[in-house]
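User: I'm new to this one. Can you walk me through a few parts of it?
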Amino acid sequence: MNFVRLSQYFSELENTTSRNSMVGILAKLFRETSEGEVDKICYLLQGRVLPLFEPIEFGLADRMIIKALGRAFNKTEDQVNKIFKAKGDLGIVAEQLRAEAGGKGDKLLVVKVYEKLSEVAFFSGPGSVEKKITMLSELFSNLDSLSCRYIARIPLNKLRLGFSDMTILDGLSWMLSGTKKDRPAIEAAYNVRPDLGFIAETIKTKGLAGLKKTKPVVGTPILMTRAERLTGGEEIVKKIGRCAIEYKYDGFRLQVHFSKKVKSQKAKVKIDGQNLGLFEDDKKEFVRLFSRNLEDVTNMYPDVVQGVIDQIKAEEAIFEGEAIAFSTKTGEFLPFQETVQRRRKYDISQKAEEIPLRLVVFELLYVNGESLLETAYQERRKKLESIFVNHDKTNLAKKTVVLSEIQICDKAKKIDEIFSEAIRKGLEGIMAKKLQGVYQAGARGWNWIKYKKSYSAKLEDTIDAVVMGYDFGQGKRQGFGIGDFLIGVYDSQTDKFLTVAKIGTGLTDEEWRTLKVSSSKYQAASIPKRYVVDKAMKCDAWVEPKMVVEINADEITRSPVHTAGRKMGKSKSGTAETVIVPGFALRFPRLKTFREKQPEDATTVEEIEKMYKRQGH
Ligand code: ATP
C-alpha cells in the first residue's frame, strides 16, 4: 500500500465521530493491506512506530517541524511560523505548503515511510536533532500534500484519530467476518500480548486459529488482572469460599520481565539492513519493569532491577508485585506519599538511597517457557515460591524482593481479623484470592477481591477518573492557570468518556501545578471525539484522555448535568431531547492522587452504577 492511500484512510477516520463508521473504515483498510505492512499500519494508526509499551518517542517539538518544513519548501522559519499562527495546526501548514509547491509528489510505500519515521524516532545522541529534521524535510518534499498533513502530525504526537485500541480490535474482527463476533477471541490474545502490530500480523498470516495460540513473551507486558470489591469477611467467604488472604500494600504495581536467555533485547527494527536495537545493553540478564499502565519504568528503579537479578533463580519469568517504600531503621512499610517520590525521571540513584523500595511479589504469570495464566492460583503460588533464592525470612531487611505473606482462610472472622491487623499496620486493606482462580489477563473478576478501608460512610472505594477539561482559574488559582476541572468515567460499550464531576478544591499547590503541566501537555484544540459532555459542563480548555486521577467522594448522587448513566429521550409534550434519567454525579469530590493508568482502565459507568446501588438505592 502507498502512504497516500493510508493518508486517505487517516482522513476518513479524522472526519467521523461515529464509532461504527470508524470500525468499518478500519476493517476496509485492514482488508486492503498485506502481510508485512499491517503491523506497521497498526502502529502508525496510533501515531507511533512501535507498540505503546516500547519507550520510544519521536521527541520533536513544533519548532523542529517548522524547520523541516522551511527546508523542504524554501521558506524562512518566520514565514512558516506565520502560517502556523494563522492555522494552529502544523499538519494543515504542511499540506498547504506542499500544495503550493506544486507537483504531485512520489507514491512512497507505507513500509518505506515507516522506515524513515522509525529512523527519526530512533536516532539519538549528538547531531540527532539535525538528522531528524533533514529526514523529515526529505519526506515532506517527496510526498503529496495529504500525506504531508499526517507526516507533520505523527512526530508531534498529534495524530489523534479519536479511537482506542479496542476500536482497532473491532476493526480486525470486522475484517474477518463483517461482524464483531471474533472480537472476544482477538481481545483474549491482545490481553496476553497487547501489541496491535503483532495481533494484526498474526491474524493476516495465521488466521484466528493461529492467534488463539498466543502465549506471553518476555519483554511484552501482559495486561494486568483487576480485583472486584467486597466489604467484609462474610461476603468474601460467601463468594469464593476458602481462599488466600494477603495484605494489600499501598505502593505501585510492577510487572517484572526477567530472562537470562535474552541477553539484550533483540533489535526490533531493521533499516537498510542495519539494526536499530532498542536496548543494546550488555548486561548478563534482561530485566524490564512495567507499570500498571504498561509503561516501561525500568530506569526508575535500579534497586528493584538489582534485587530481581540477585533473588530470582529462573531462566525466564514474568511476575508481579507491589513496590513500596520501607524504613531502613524499623523495616516498616511507609505511606504512599513516600513511595510515590520514587516515581521520577531525575536524581534516581540519590532518591533510591534515600527511599529504598521493597518489591512484594504476589503473582507468577510465566516461567521458563511455560504460561501460567490458565493455572490455578495455588499452583502458581507454589511455583512462585520455588523461583526465589532463599525465600526464607532471614535477613529480610537486606532483601529488596520478597514474597507476599499469605494465610489460607475459610472463616469470615479470621478474614476480618487479618483486615483489622492490616489497617493497624497502616496498610490499605486485604486481597482475597480464589484458590482455584486463574489469572484473568486484562479483566476484572472475582478471582481477586479487594477489601479496603472505607473512605466515607457511603462510598466504599475511590474512583479513578479521567481529566477531560478545565476552566481558567480565579483568585489564587489564576496563578496556576487552572480552576475547576472536569472529570469522567469510561463507558466500555461506546468507548466514550462520560462526566461525573467538576472539581475545584482539595488540591495542594504542588498538585495544581502538576495538573496544569500535564493538562498543557495533552491540551486538545477542541472537545475530543470520545467525550460526551452536557453544555452546562463546558470547559474553557479541553484535554485529551490521558490523565487518570484517583478521587475520594462522599457519595454518588444523580444529576441532570452529568452524562455518566444519563438517559435522554423525547419529552412527552414536544420533540426536544430531554433528560429522562439523570446521570451519576460525585458529591464532594476530592483529588487523592494521580494514577498510572490507561484512560480505558478508569472506573467504568457500570462500576459507578454498582457503587450507587450499594449505597442503598
Ligand atoms: P484496579 O486494579 O482494581 O483497577 P486500582 O488500580 O485502583 O484498581 P486497587 O483498588 O488499589 O487498584 O486494587 C488493586 C491493586 O492493589 C493492584 O493493582 C495492586 O497494585 C495492589 N496490591 C497491593 N497488594 C496486593 C496483593 N497482595 N495482591 C494483589 N494486588 C495487590
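User: How do α8 and α9 run relative to each other, roughly parallel or antiparallel?
Analyst: They are roughly antiparallel. That label covers angles over 145 degrees; under 35 is roughly parallel, 65 to 115 roughly perpendicular, and the rest oblique. The axes of α8 (residues 128–142) and α9 (residues 145–153) cross at roughly 160 degrees and come within 9 Å. Axes are lines fitted to C-alpha atoms, for helices over the stretch in contact, and angles run from 0 to 180 degrees between N-to-C directions. Helices are DSSP runs of H or I with at least four residues, strands are E runs of at least two, and both are numbered from the N terminus.

User: Where do these coordinates come from?
Analyst: This is a predicted model, where local features need pLDDT of at least 70 and side-chain atom pairs count only at pLDDT 80 or more, while totals for chains, interfaces and linings use all residues. Residues are numbered from 1 along each chain as its sequence is written, and side-chain values use heavy atoms, with hydrogens and water left out.

User: How many residues of α9 are buried?
Analyst: Eight of the nine, so α9 is largely enclosed by the rest of the structure. Buried means under 20% relative accessible area, exposed over 50%, and partly exposed in between, with a 1.4 Å probe and protein chains only. Among the buried ones are Arg149, Tyr150 and Arg153.

User: What covers them?
Analyst: The cover includes α1 (3–14), α4 (62–72), α6 (90–101), α7 (110–122) and α8.

User: Switching to sheets. What is the strand order in the five-stranded one?
Analyst: The order is β1-β13-β12-β2-β11, in an open sheet with mixed pairing. Two strands pair if DSSP finds at least two bridges between them. The edges are β1 (226–229) and β11 (407–409), each pairing on one side only. From one strand to the next, the twist averages 40 degrees.

User: How many bridges join β2 to β11?
Analyst: Three, and the two strands run antiparallel. Cys243 has Cys409 of β11 as its bridge partner.

User: Which helices pack on that sheet?
Analyst: Helix α13 (residues 233–240) does, touching β2, β12 (429–434) and β13 (444–452). Its direction makes about 165 degrees with that of β13. Helix α18 (residues 412–424) also packs there, touching β2, β11, β12 and β13. The direction of α18 makes about 140 degrees with that of β12.

User: New topic. Is Glu596 buried or exposed?
Analyst: Glu596 counts as buried, at 12% relative accessibility. It sits in the loop between β25 (590–595) and α20 (605–614).

User: What is Glu596 in contact with?
Analyst: Leaving aside neighbours within four places in sequence, Glu596 is in contact with Ser291, Arg292, Asn293 and Arg343.

User: Last one. What is phi of Asp347?
Analyst: Near 50 degrees, a positive value in a residue other than glycine. Asp347 lies in the loop between α15 (336–339) and α16 (348–354). It is partly exposed, with a relative accessible area of 49%.

Definitions and conventions:
Contact = heavy atoms within 4.5 Å.
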